[in-house]
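Visitor: I have a model to look at, and I would like to know what stands behind the words used for it. Could you take me through them?

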Amino acid sequence: MAMVTFVDETTAGDRGAAWQLEMSEEQLTLREIIRRRVFREVAEHNAAGGDHFRGLVQPGGTELTRDGFRMGKHRQVDAEEQFSRAVEAFSRNGFVVLVDDRQVEDLDAAVPVHRAVEVVFLKLVPLVGG
């Protein structure tokens, strides 16, 4: 079993708290790693409740805040829809993925999953006036 560490960062220098997910495979595609991450964060949100969703990509009908995406009131988030949004965001360079400090550019690339692998989701922040 490997504990994969996930970290969200922005090009503005912000770094979120690291969290871990246990995986038993020796390698997975980047697409599958993203799927597992999204499904976990959606499951946690749906179980906990609250009016903010903290995840990789913004659900529809929400507003971006410092604490995540404000929903107005708690509602269930659809994991499949969030996964589709994440794949779309990746394909249009909304974020890049670094695995052990190496960029993975292909969703179908095989990613080694070992004991101390770190997966960084680097969210790109648009330049002001650019």
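Guide: Here is a walk through the strands, the pocket, the core and a few single residues.

Guide: This is a predicted model, in which local features need pLDDT of at least 70 and side-chain atom pairs count only at pLDDT 80 or more, while totals for chains, interfaces and linings use all residues. Residues are numbered from 1 along each chain as its sequence is written, and side-chain values use heavy atoms, with hydrogens and water left out.

Visitor: What makes β1 and β10 a pair?

Guide: Two strands count as paired if DSSP finds at least two bridges between them. Strand β1 (residues 2-10) and strand β10 (residues 118-123) are joined by six bridges and run parallel, so they meet that rule. Within this pair, Phe6 stands opposite Val119. The names come from DSSP runs: helices are H or I of at least four residues, strands are E of at least two, and numbering starts at the N terminus.

Visitor: Which way do β7 and β10 run, parallel or antiparallel?

Guide: Strand β7 (residues 95-99) runs antiparallel to β10, with five bridges between them. Here Val96 faces Leu122 of β10.

Visitor: What makes β4 and β5 edge strands?

Guide: They belong to an open sheet of three strands in the order β4-β6-β5, with antiparallel pairing. β4 (52-53) and β5 (63-65) each pair on one side only, and that makes them the edges. Two bridges link β4 with strand β6 (residues 68-70) in the antiparallel sense, and Phe53 stands opposite Phe69 there.

Visitor: How do you know which residues line the largest pocket?

Guide: A 1 Å grid is laid over the protein atoms alone; a pocket is an open set of points with protein on both sides within 12 Å along at least five of seven lines, and a lining residue has an atom within 4 Å of a point. By that rule 39 residues line the largest pocket, with Asp8, Gly55, Gly68, Phe69 and Lys123 nearest its centre. The space in this pocket is about 1200 Å³, a volume being the space filled by probe spheres set on the points, which are joined across faces, edges and corners.

Visitor: What is this lining made of?

Guide: The lining holds 13 nonpolar, 11 polar and 15 charged residues. Asp, Glu, Lys and Arg count as charged; Ala, Val, Leu, Ile, Met, Phe, Trp, Tyr, Cys and Pro as nonpolar; and the others, Gly among them, as polar. Helix α1 (30-48) supplies at least two lining residues; its share is the largest, at six residues.

Visitor: What makes a set of residues a nonpolar core, and which residues have the most contacts inside the largest one?

Guide: Such a core is a set of buried Ala, Val, Leu, Ile, Met, Phe, Trp, Tyr and Cys residues joined through side-chain atoms within 4.5 Å. The largest has 33 residues, and those with the most contacts inside it are Phe6, Leu30, Ile34, Leu56, Phe95, Val97 and Phe121. Helix α2 gives this core its largest share, six residues.

Visitor: Why is Glu32 called buried?

Guide: Buried means under 20% relative accessible area, exposed over 50%, and partly exposed in between (1.4 Å probe, protein chains only). Glu32, in helix α1, has 19% relative accessibility and therefore counts as buried.

Visitor: Why does Arg37 count as buried?

Guide: Arg37 also sits in helix α1, and its relative accessible area is 1%, so it is buried. Setting aside neighbours within four places in sequence, Arg37 contacts Phe6, Asp8, Trp19, Leu21, Gly55, Leu56 and Phe121, where contact means heavy atoms within 4.5 Å.

Visitor: Why is Asn93 called exposed?

Guide: Asn93 has a relative accessible area of 51%, so it is exposed. Asn93 lies in the loop between α2 and β7, and has a positive phi of about 65 degrees although it is not a glycine. Most residues other than glycine have a negative phi.

Visitor: Why does Asp101 count as exposed?

Guide: Asp101 has 69% relative accessibility, so it counts as exposed. Its place is the loop between β7 and β8 (102-104), and its phi is positive, near 70 degrees.

Conventions: On a 1 Å grid over the protein atoms alone, a cavity is a set of points where a 1.4 Å probe fits but cannot get out, and a pocket is an open set with protein on both sides within 12 Å along at least five of seven lines; lining residues have an atom within 4 Å of a point.
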